[in-house]
Every structure is written in C-alpha cells, then in structure tokens.
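Biologist: I would like to take a close look at a single part of this protein, and I would be glad of a careful, connected explanation.

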Amino acid sequence: MTSKTPNSPKTANAPHPTSPLTHFDAQGQAHMVDVGAKAATHRIAVATGRIEMQPETLALIESGTAKKGDVLGIARIAGIMAAKKTSDLIPLCHPLALTRVAIEFEAASVRVQGATGIFCSATVETVGQTGVEMEALTAVQIALLTIYDMCKAADRGMSIHGVCVTEKHGGKSGRYLVR
C-alpha cells in the first residue's frame, strides 16, 4: 500500500518535469491526463498490422469456406467494437465519442514480399481533446486476433506482426506519418 502525499490542485496532475511520460504525476503516481484545457480538434489515427499463416489457411479465408463463417466480416466487426471499448481495456485511456472506425483487409503479400496472410488497417476518427491512436491500435490487434480465433483449428502456427501507428492527424503535435 502506498502512502498518500497531499498535493495542491495546481500540481496534482503535473507530469514529472524530467519525464516525457504524461500518465505519471510529480510523485510518480499513475493518473489520467487532464485534457480539459485542450482544444477539441478533428483527430485521425491509422494503425496497421498483419497476421501470417499457411497458404491453405489464407485460401480458406479468401474462398469463404472457413468452418466458422465469414472470417474477415467478423474480424471487421470485432475491430470496430474493440475501438469503441478501448477505454474499458486500457486503464488510463479517456472514453471517446468516435465519429468513424474503418477496418480494411488485403493480402499481406501486397505489403510484404513473400508474406502469406492478411494485412489489416484501422482508421479511427473523433472530434475531441485527445487522440485516437490507442483506439486504432486496439482495433487492429482485436481484428487480427479474431482471424486467429476463427482459423486456429486449421492453423495454430499463425503469428501477428508489425502492429503500429502509421499515421496521425490533429491536436497540438499535428501530423505524424510513417514512410
């Protein structure tokens, strides 16, 4: 059990002056960042990742003959639902009113030469005081995990790779783009 240190309201949520980590106060205690004074702006984040699998597993997905049904359709819905539930999963994330969540899939070989599997991209948008990177990352991870779950009977060797934020717009830090 930690002891509580009295803090003045002015410094209670201030990050440690030498740390870029905003989820810790001056005493090193975890807290939800106060975004109340930030301007509401249109914010967009794109995250991507891929799941690699045996060629036969990919053929099952592409043909629509997987035992559990429409793998990509279910994975798309799971990714959208995950983006909406991010603040329930990650303790210090703010609950956000999302204005758009789009999940796209394509053959992994389009992006990574020699890869066999599915590439996933999640685009998440809001108008608010904090970004949607965590929502985009959560959407990609859960969409890919759903593919794994739906196909694991056919291929237990599937693996998830390269999940990252590839694009961000809005807020004080502006535009971020991975090339």
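Biologist: In what order do the five strands stand in the open sheet, and is their pairing parallel or antiparallel?

Modeller: Please keep in mind that this is a predicted model. The five strands make an open sheet in the order β2-β3-β1-β4-β5, and their pairing is antiparallel. Strands β2 (98–107) and β5 (176–177) stand at the edges, and each has a single partner strand, so one side of each is left without a neighbour in the sheet. Further in, strand β1, which covers residues 41–52, runs antiparallel to strand β3, residues 117–128, and twelve bridges join the two. One of the residues taking part is Arg43, whose bridge partner in β3 is Thr126. Helix α2, made of residues 71–84, packs on this sheet, where it touches β2 and β3, and its direction makes about 145° with that of β2.

Of the contacts in the protein chain with a separation of 6 or more, 67% are between residues 24 or more positions apart.

Thr146 lies in helix α4, residues 133–151, and its side chain reaches the backbone oxygen of Ile142 at 2.8 Å. Thr146 counts as buried because its relative accessibility is 13%, and buried means under 20%. Apart from its neighbours within four places in sequence, Thr146 is in contact with Ile74, Ala75 and Ala78.

Conventions:
Residues numbered from 1 in each chain as written. Predicted model: local features only at pLDDT ≥ 70, side-chain atom pairs only at ≥ 80, totals over all residues. Heavy atoms only, no water. Helix = DSSP H or I, 4+ residues; strand = E, 2+ residues; numbered from the N terminus. Buried < 20%, exposed > 50% of the residue type's maximum accessible area, 1.4 Å probe, protein only. Polar contact = N/O pair within 3.5 Å; in protein donor to acceptor, adjacent residues only side chain to side chain. Contact = heavy atoms within 4.5 Å. Pairing = 2+ DSSP bridges. Axes fitted to C-alpha atoms, helices over the stretch in contact; angles between N-to-C directions.
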